[in-house]
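The sequence and the structure come first.

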Amino acid sequence: MAPPLVPPLALPPILLCRDDVLVIDKPAGLPVHAGPRGGPSLEDLLPFLAPGRKRPPQPAHRLDTDTAGCLVLGRTRPALAGLGAIFAQGRARKTYWAIVAGGPAARSGRIDAPLRKVSSAAAGWRMEAHPEGQPALTRWRVRGRGTGAGGDLAWLELRPETGRTHQLRVHCASQGWPILGDPVYGRPHPAGLHLLARAIALPLDPPLEVTAPVPAALRPAFAACGWTEAA
């Protein structure tokens, strides 16, 4: 008898498991898909997230490599198709938490700034706010404020109403308060990017609503802004 296969990486925590849907707590630093240069990704772990199933689950949406938190996977082909339609039609309610450097003066607001991709041989690619880009809308509110080694901080709740690449990172940076630890649109931080896909709600039958915990590496900055385990 062949020995059982062993996952090449630690399996991410499972936040919810139903017959049709799986929601995992994706760790920061793990790409969802294998890139052109190869390397470990969630794709390597999918077969180990399918006990008793012929086909492994598949991601229903994107989540940046450096972003931790809720990632939804479809466990069957019909479920994956239905989830794809929900995300494509903007019917998924996504809530992110972020710690930003500085922070807005107001308590809440919206950022309506189209985004486009730009690239150069020297710097590679990135996203930028530009009138000729694709429409992108983010709603935000301040949940707390504090200070860190580098100055003032703010804990924001972000609700993207569109799903553009790097949308939250570019939108925050465009307002003058980049997300802490963003190496592209702000400055690196030893604890990494302070952005969490905190919760996801989907209009399924029955409805689905899942919350991810704050990663240990990000807790000091969130705590400095008033976060507690009960938040």
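A pocket is here an open set of grid points with protein on both sides within 12 Å along at least five of seven lines, and its lining residues have an atom within 4 Å of a point. In this predicted model, the second largest pocket is lined by 19 residues, and those nearest its centre are Ala-101, Gly-150, Leu-153, Leu-180 and His-189. β9 (137–148), β10 and α3 (219–224) each contribute at least two residues to that lining, with β10 giving the most, three residues.

The largest pocket is lined by 37 residues, of which Arg-62, Leu-63, Asp-64, Thr-165 and His-166 are the closest to its centre. At least two lining residues come from each of α1 (77–88), β5 (93–101), β8 (124–129), β10 (151–160) and α2. The table sets out the volume and the lining of both pockets.

| Pocket | Volume | Lining residues by class |
|---|---|---|
| Largest pocket | About 1100 Å³ | 14 nonpolar, ten polar, 13 charged |
| Second largest pocket | About 330 Å³ | nine nonpolar, eight polar, two charged |

His-194 lies in the loop between α2 (167–174) and β11 (195–202), and it counts as buried because its relative accessibility is 1%. A polar atom of the His-194 side chain lies 2.9 Å from the backbone oxygen of Gly-192, while the residues that His-194 touches include Leu-180 and His-189.

Ser-41, in the loop between β2 (21–26) and β3 (58–59), is also buried, with a relative accessible area of 1%. Its contacts include Leu-9 and Ala-34; the C-alpha atoms of Ser-41 and Leu-9 are separated by 8.9 Å, although the two residues are 32 residues apart along the chain. A polar atom of the Ser-41 side chain lies 3.5 Å from the backbone nitrogen of Ala-34.

Definitions and conventions
Residues are numbered from 1 along each chain as its sequence is written. This is a predicted model: local features need pLDDT of at least 70, side-chain atom pairs count only at pLDDT 80 or more; totals for chains, interfaces and linings use all residues. Side-chain values use heavy atoms; hydrogens and water are left out. Helices (H or I, at least four residues) and strands (E, at least two) are DSSP runs, numbered from the N terminus. Buried means under 20% relative accessible area, exposed over 50%, partly exposed in between (1.4 Å probe, protein chains only). A polar contact is a pair of N or O atoms within 3.5 Å; within protein, one must be able to donate a hydrogen and the other to accept it, and residues adjacent in sequence count only if both atoms are side-chain atoms. Contact means heavy atoms within 4.5 Å. On a 1 Å grid over the protein atoms alone, a cavity is a set of points where a 1.4 Å probe fits but cannot get out, and a pocket is an open set with protein on both sides within 12 Å along at least five of seven lines; lining residues have an atom within 4 Å of a point. Grid points are joined across faces, edges and corners, and a volume is the space filled by probe spheres set on the points. Ala, Val, Leu, Ile, Met, Phe, Trp, Tyr, Cys and Pro count as nonpolar, Asp, Glu, Lys and Arg as charged, and the others, Gly among them, as polar. Lists of a residue's contacts leave out its neighbours within four places in sequence.
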